[in-house]
Protein chains: 2
Amino acid sequence: MDEERVSRCREAMREAGIGLLVCRLPENMTLLAGYYPLTGMNFLALPSEGEPSLLVPESEEKEASAGWWEQVRTFSFGRVDSPDPSVAVEQFLTDVRERRIAEGAAVGFEGSFESVAPALLAGESSLPALPYFDLLKKVFGASVRDATDFIMAQRATKTRVELEKMRVASRVAACGLSAFRHAVEPGRTEAEIAGIVAAAVMRDGVRVTGAERILPFPQVSSGPEHTSVAWRPCVISSDRTIREGDLVVLELGVVVNGFWADNTRTFTAGQETPRQKEIREVVETAQREACAALAPGVRCSDVDRAARCVIEEAGLGEYFIHVTGHGIGTRYHEPVPILSPGNDAALETGMVCSVEPGVYIPGFGGFRKEDILAVAEEGSENLTACGQGAGASDDDESCSA
Amino acid sequence: MDEERVSRCREAMREAGIGLLVCRLPENMTLLAGYYPLTGMNFLALPSEGEPSLLVPESEEKEASAGWWEQVRTFSFGRVDSPDPSVAVEQFLTDVRERRIAEGAAVGFEGSFESVAPALLAGESSLPALPYFDLLKKVFGASVRDATDFIMAQRATKTRVELEKMRVASRVAACGLSAFRHAVEPGRTEAEIAGIVAAAVMRDGVRVTGAERILPFPQVSSGPEHTSVAWRPCVISSDRTIREGDLVVLELGVVVNGFWADNTRTFTAGQETPRQKEIREVVETAQREACAALAPGVRCSDVDRAARCVIEEAGLGEYFIHVTGHGIGTRYHEPVPILSPGNDAALETGMVCSVEPGVYIPGFGGFRKEDILAVAEEGSENLTACGQGAGASDDDESCSA
């Protein structure tokens, strides 16, 4: 059990006047129940003091019981005679209502999560909608409070246990990065390369780390047109065949037991042109500079500046259109920290973020490099670099930060 | 444009007193805007008469414009200076408010979708939560109406255009089924086989069908213990190594341009024992009987009975614990039709469902076979069987229905 996470959260609950936190989203179950849900039909009632309770489908009892909490109630699910689960959910919430420490204490819930991490059943996660929100109001009355900001504030800095889980996710992702490096060859399609990366993550990820709940989300783009939109959040791995001299960009999200890695690599298929080499060196330098700037107390905007300066000095500023980095943890993208020009908030030890400068030049293509870094006691730790060397093919270069 | 879908929906809207339908879920955008969203930040305002409007991130303008509707408004997204998109969303909703045909007509929205299909960015879909529901109330006032049941009723039967898209999804999935058949060998891990299937779906699926927005969700279990829980909605592809004589079960969900296929295959690694052969023949017969029973006018419970009888007569009834089939379309699992003992509703031409009897015997393991079938004018069409023969390796057996 991650004592640091639980005691930190409970202390914050008491300070915020939250007597009970009701969680259901996979990303928060991972955080506060200590396991990655399979379906999204898992519920945690965490009081600021006393024993938490879980309600899970009977088919996830084993996984839930291997998490942190002893009180695991189940409901019938997936059987021919399974009743409507909402009855069990209402009964569960009613039963835990009394756990609020004091009259007047609030019941926090996940109201405003519009970007969400999937359960392991990523093809069809079960997530809150109006009936669930209405049920919370019905059971808890006026005491319900949207605790989205509260929860995200807890997630802003990772505990020691969580950092270790983030390292594992990055080690798994590194298996995909290695496979990508070797797969970039003229003649293959983008979709084929994406498939090779996915297969490597699944096969080698389990083998290298022993972590079994792994999902890969690779996106491959190639050539001048496709890579020049590689900045958008979702890139289509098409049937375009890679040609000699093409830039090929991999955006790779990986979730491992509920914790995420997020990486980008760009390679040239075959011989690199002088212009490609020039662009690559600019972006790699920018990425290295931003990595080197990452440290506790440093402003997010200064890390962004470290990368942006390099790219602007090379005359490519107009092509670096997005932020330098974003938070990450139990979701692919988290709101703290954002490494952007406007954000003067200071970095703190335990924050984890991407560092991913990129340029996207119409007619030429896009080039991005992305690693995951943790803000350390001093400086930073590159989780992606740690992962490299642990995989099946360990010859990837490391970020020198 | 799918005239049948649009005119059918609009007629139903007029009958139901819905003047405007506001959609955002990827599964409903696929249905009513004619494209599969990349992120889930896409919004459709479909009036019962007159031109619909779309609001999409600028990075998805190309995809949205290739859909059915001309009025595509965009908002800045993913750029360093992109403002909060909720401003653009509120402006869009306010602008379309006047499109309601008559005062008193309702504005339908997606209130109660708790199981949801992901966008192509399945690692982090954007989905409705309280702020969006509150915004709808703010803009449309008392006229908002939860149209979840209305929309699901529209989805219960597929149009001719949709059936063709479902066939494509099944053809793509068939590439994974072929790969699985060849990958089941002693010495491989479950995770490795899942990776092989994922790679085949991505590589061959694009090649065979030309459809580029493809995501595979394979789940592999093996051996007596793991396959005996293969009935649960989410199975973990572990690092267990397949041994000679193991049952190996693949559950494979595949989404192709927003339309789903859902298949299961079970094979023995190496030599089949007499008991395994006996179980296989029972389940295959049950599956064939249920497929053969599927026809318009037939009760769902009778199709279930066709499968269940065979399994009960073999003395295995207690091990067939789930329903015989479920609806499918723009989501992995849809509520119409459910082929279950208690459901006496009649099947209709255009309904699409899985047929998937299975038995799960403690100490022995699980065996399931699952195809996707459409209820035809007479009898049914096995979409999975159509897909086989189109793939890279076309030697899979077909359901004989």
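Predicted model: local features only at pLDDT ≥ 70, side-chain atom pairs only at ≥ 80, totals over all residues.

Trainee: Let's start with the interface. How many residues does the contact take from chain A and from chain B?

Mentor: Chain A gives 68 residues to the contact, and chain B gives 68 residues. The size of an interface is often given as the accessible area lost when the parts come together. Here the area buried between chain A and chain B is about 5500 Å², with 64% of that coming from carbon and sulfur atoms. Take Val80(A), Glu114(A) and Glu124(A): they supply 13% of what chain A buries against chain B, more than any other three residues.

Trainee: And how many residue pairs are in polar contact between chain A and chain B?

Mentor: The count is 24 residue pairs, both partners at pLDDT 80 or more. On the side of chain A that touches chain B, α3 (61-65), α5 (130-140), α8 (190-209) and β7 (214-222) of chain A each supply at least two residues. Of these, α8(A) has the largest share of that side, with ten residues. Sorted by class, the side of chain A that touches chain B has 36 nonpolar, 15 polar and 17 charged residues.

Trainee: On to charges. How many salt bridges are there over all chains, and how many between chain A and chain B?

Mentor: The general idea first: side chains of opposite charge can pair when their charged atoms come close. The structure holds 58 salt bridges over all chains, and six salt bridges are counted between chain A and chain B. One between the chains joins Glu124(B) to Arg331(A), at 3.1 Å from N to O. Glu124(B) and Arg331(A) also belong to a network of salt bridges that links them with Glu27(A), Arg155(A), Lys158(A) and Glu334(A).

Trainee: What about pairs inside one chain? Which residue does Asp95(B) form a salt bridge with?

Mentor: Asp95(B) pairs with Arg73(B), and their closest N and O atoms are 2.9 Å apart. Asp95(B) sits in helix α4 (residues 85-96) of chain B and Arg73(B) in strand β4 (residues 71-75) of chain B, so the pair ties together parts that are 22 residues apart in sequence.

Trainee: Where do Lys158(B) and Glu334(B) lie, and how far apart in sequence are the parts they tie together?

Mentor: These two form a salt bridge with the closest N and O atoms 3.1 Å apart. Lys158(B) lies in the loop between α6 (148-155) and α7 (160-183) of chain B, and Glu334(B) is in strand β11 (residues 334-339) of chain B, so parts 176 residues apart in sequence are tied together. Lys158(B) counts as buried because its relative accessibility is 7%, and Glu334(B) is buried as well, at 4%.

Trainee: Now a helix case. Is Arg207(B) buried or exposed?

Mentor: Arg207(B) is exposed, since its relative accessible area is 53%, where over 50% is what exposed requires. Its salt-bridge partner is Asp204(B), with the closest N and O atoms 3.6 Å apart. Asp204(B) is buried, with a relative accessible area of 5%. An α-helix has 3.6 residues a turn, so residues three or four places apart point the same way. Arg207(B) and Asp204(B) both lie in helix α8 (residues 190-209) of chain B, three residues apart, about one turn of the helix.

Trainee: Let's finish with burial. Why is helix α2 of chain B described as largely enclosed?

Mentor: Eight of the eight residues of α2 (residues 26-33) of chain B are buried, so the rest of the structure largely encloses this helix. Among them are Pro26(B), Glu27(B) and Asn28(B). Gly34(B) follows α2(B), and its phi is positive, near 80 degrees.

Trainee: And which residues does Thr227(A) touch?

Mentor: Thr227(A) lies in helix α9 (residues 223-227) of chain A and is buried, with a relative accessible area of 0%. Leaving out residues up to four places away in sequence, Thr227(A) touches Ser221(A), Ser222(A), Leu247(A), Val249(A), Tyr360(A), Gly365(A) and Gly366(A).

Trainee: Last one: how many disulfides does the structure hold?

Mentor: Zero, over all chains. Cys353(B), for instance, is in no disulfide, as the nearest cysteine sulfur, that of Cys300(B), is 7.6 Å away. Cys353(B) counts as buried, at 0% relative accessibility.

How values were computed. Residues numbered from 1 in each chain as written. Chains lettered and ligands numbered in written order. Heavy atoms only, no water. Contact = heavy atoms within 4.5 Å. Buried area = accessible area lost by both parts, 1.4 Å probe. Salt bridge = Lys/Arg side-chain N within 4 Å of Asp/Glu carboxyl O. Polar contact = N/O pair within 3.5 Å; in protein donor to acceptor, adjacent residues only side chain to side chain. Helix = DSSP H or I, 4+ residues; strand = E, 2+ residues; numbered from the N terminus. Nonpolar A, V, L, I, M, F, W, Y, C, P; charged D, E, K, R; others polar. Disulfide = S-S within 2.5 Å. Buried < 20%, exposed > 50% of the residue type's maximum accessible area, 1.4 Å probe, protein only.
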